[in-house]
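Welcome, and please have the sequence and the 3D view open side by side.

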Amino acid sequence: MVTFMPSRSGRLADVPSFARTIGGAESNVACALAAAGHRVKWVSRVGADGFGDHLIEAIGAYGVDTSAVGRDPDRPTGIYFRTATDRSTDAHEVAYYRAGSAASAMSPMTLPYTELTGARVLHLSGITAALSADCLALMLELTERREGRPLVSFDVNHRPGLWRDASGPEVLLELARGADLVFVGEDEAADAWGLHGGAAIRAALPEPGVVVVKHGARGATAYTGPASEAAEGTAPEAAQDSAGSAPGAVFAPAPGVDVVAPVGAGDAFAAGFLSGTLRELPLRDRLRHGHLMAAAALTVPGDLGTPPSTAHADRLAELDDAAWGRLRLGPGWTSAVDEEVRTS
């Protein structure tokens with residue numbers, strides 16, 4: 001979608017002007033991965049209008065292949081307006097205008113499965129499933145377990161306001177169980193499924209090979225062992241060392257971040273973890289790359305930050321636990337040399 005960002009803080013009713021930018025969970029991940037040097041294709045639909053032109057041009061400028069983006073002559077490109085506050089607070093407001101949009105008309109008919117041939121990873125978001133019955137049908141097809149499919153990555157992205165009925169949590173759980181890699185916030189798992197703690201989340205999602213539970217500013221835990229092992233007690237407190245003291249769990253604390261705008265971090269974290277997955281890095285380093293990519297987003301006003309160079313990110317990810325724990329990242333850190341990044 002096209003995102004309109006407020007010129008200042010306050011209620012939507014009080015903001016006098018907005019700046020146009022791009023947004024959307026999947027496209028955010030695609031842009032971040034492309035900026036990190038990966039080959040990425042974004043598959044979606046936009047209107048045959050000026051906003052659609054803007055999205056394709058802006059996302060393509062990151063190096064993303066947009067050749068599979070359809071243009072709908074009958075439906076507009078979705079847009080939304082938001083306030084500058086943290087999404088998790090009651091003061092945060094979002095006004096979506098995407099009912100009847102081109103993206104909401106995506107279906108198995110508009111996106112043949114053959115479009116995904118040759119991909120190593122297919123990244124999906126729970127937001128798409130909420131847009132329409134056709135979008136949900138597409139998501140169910142893409143998460144169907146079949147021979148030769150790419151690794152299916154799924155970010156739960158529970159947005160209660162997008163669902164027209166109470167089926168959202170059940171649908172998201174079904175889609176997550178069809179994925180190979182799942183990203184879910186500890187808070188959204190509690191809200192959507194009544195699950196508290198990483199062990200309970202992993203037990204409810206035994207099918208994916210990896211379940212990444214995000215604990216906000218504390219860090220994240222990647223669960224790879226059987227759900228029975230997670231049930232033994234693998235809350236983040238039980239896996240405080242980077243190797244993960246509990247069976248099948250690896251916990252990586254997040255570095256300190258001087259936050260400019262608390263948006264886009266979840267998509268950026270997914271991109272960083274996926275980058276590490278594509279590079280076959282150890283789980284701890286995948287989590288750390290997720291944190292670093294999230295910090296790049298958190299230290300800029302918009303949803304998308306400029307990631308550090310691969311070499312820079314690798315050097316930070318390889319810090320010992322003590323140095324990693326002292327890391328403090330602020331605006332401009334992605335272009336700083338190692339000596340300029342604060343570790344105290």
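Leaving aside neighbours within four places in sequence, which residues is A220 in contact with?

## A220 and its surroundings

A220 is in contact with V212, V213, K214, H215, V250, F251, A252, F269, L287 and H291, once neighbours within four places in sequence are left aside. Contact here means heavy atoms within 4.5 Å. The residue lies in strand β11, which spans residues 219–223. Helices (H or I, at least four residues) and strands (E, at least two) are DSSP runs, numbered from the N terminus.

A220 is buried, and its relative accessible area is 0%. Buried stands for under 20% relative accessible area, exposed for over 50%, and partly exposed for what lies in between (1.4 Å probe, protein chains only). The C-alpha atoms of A220 and G185 are separated by 8.8 Å, although these residues are 35 residues apart along the chain.

## About the model and the chain

Please keep in mind that this is a predicted model: local features need pLDDT of at least 70, side-chain atom pairs count only at pLDDT 80 or more, and totals for chains, interfaces and linings use all residues. Residues are numbered from 1 along each chain as its sequence is written, and side-chain values use heavy atoms, with hydrogens and water left out.

The protein chain has 344 residues, of which 55% count as buried. Its secondary structure comes to 12 helices and 14 strands. Among contacts with a separation of 6 or more, 66% are between residues 24 or more positions apart. The chain exposes about 14,700 Å², with carbon and sulfur atoms supplying 52% of that area; accessible areas come from the Shrake-Rupley method with a 1.4 Å probe, and for residues only the protein chains shown count as cover.

Helix α6 covers residues 186–193, and its buried residues are E186, E188, A189, A192 and W193. They lie on the same side of α6 because they cover an arc of only 160 degrees around the axis. That arc is taken from the directions from the helix axis to the C-beta atoms. In general, an α-helix has 3.6 residues a turn, so residues three or four places apart point the same way.

What does the buried side of α6 pack against? Its partners are β8 (151–155), α5 (168–177), β9 (181–185), α7 (198–204) and β10 (210–214). The face turned away from the buried side carries the exposed residues D187 and D191. After α6 comes G194, with a positive phi near 70 degrees.

## Positive phi in two loops

Most residues other than glycine have a negative phi. N157 is not a glycine, yet its phi is positive, about 45 degrees. This residue lies in the loop between β8 and α5, and it counts as buried at 8% relative accessibility.

E280, also a residue other than glycine, has a positive phi near 60 degrees. It is found in the loop between α9 (265–278) and α10 (283–298). Is E280 buried or exposed? With a relative accessible area of 64%, E280 is exposed.

## A cavity and a pocket

On a 1 Å grid over the protein atoms alone, a cavity is a set of points where a 1.4 Å probe fits but cannot get out; a pocket is an open set with protein on both sides within 12 Å along at least five of seven lines, and lining residues have an atom within 4 Å of a point. Grid points are joined across faces, edges and corners, and a volume is the space filled by probe spheres set on the points. The count comes to one cavity of 30 Å³ or more, and the largest cavity has a volume of about 60 Å³. Its lining includes N28, G264, D267, M293 and D303. The elements giving two or more residues to this lining are α1 (25–35), α9 and α10, and α10 gives the most, with three residues.

The second largest pocket has a volume of about 160 Å³. It is lined by Y96, R98, A99, S104, A130, L131, G161, L162 and R164. By class, this lining has five nonpolar, two polar and two charged residues. Ala, Val, Leu, Ile, Met, Phe, Trp, Tyr, Cys and Pro count as nonpolar, Asp, Glu, Lys and Arg as charged, and the others, Gly among them, as polar.
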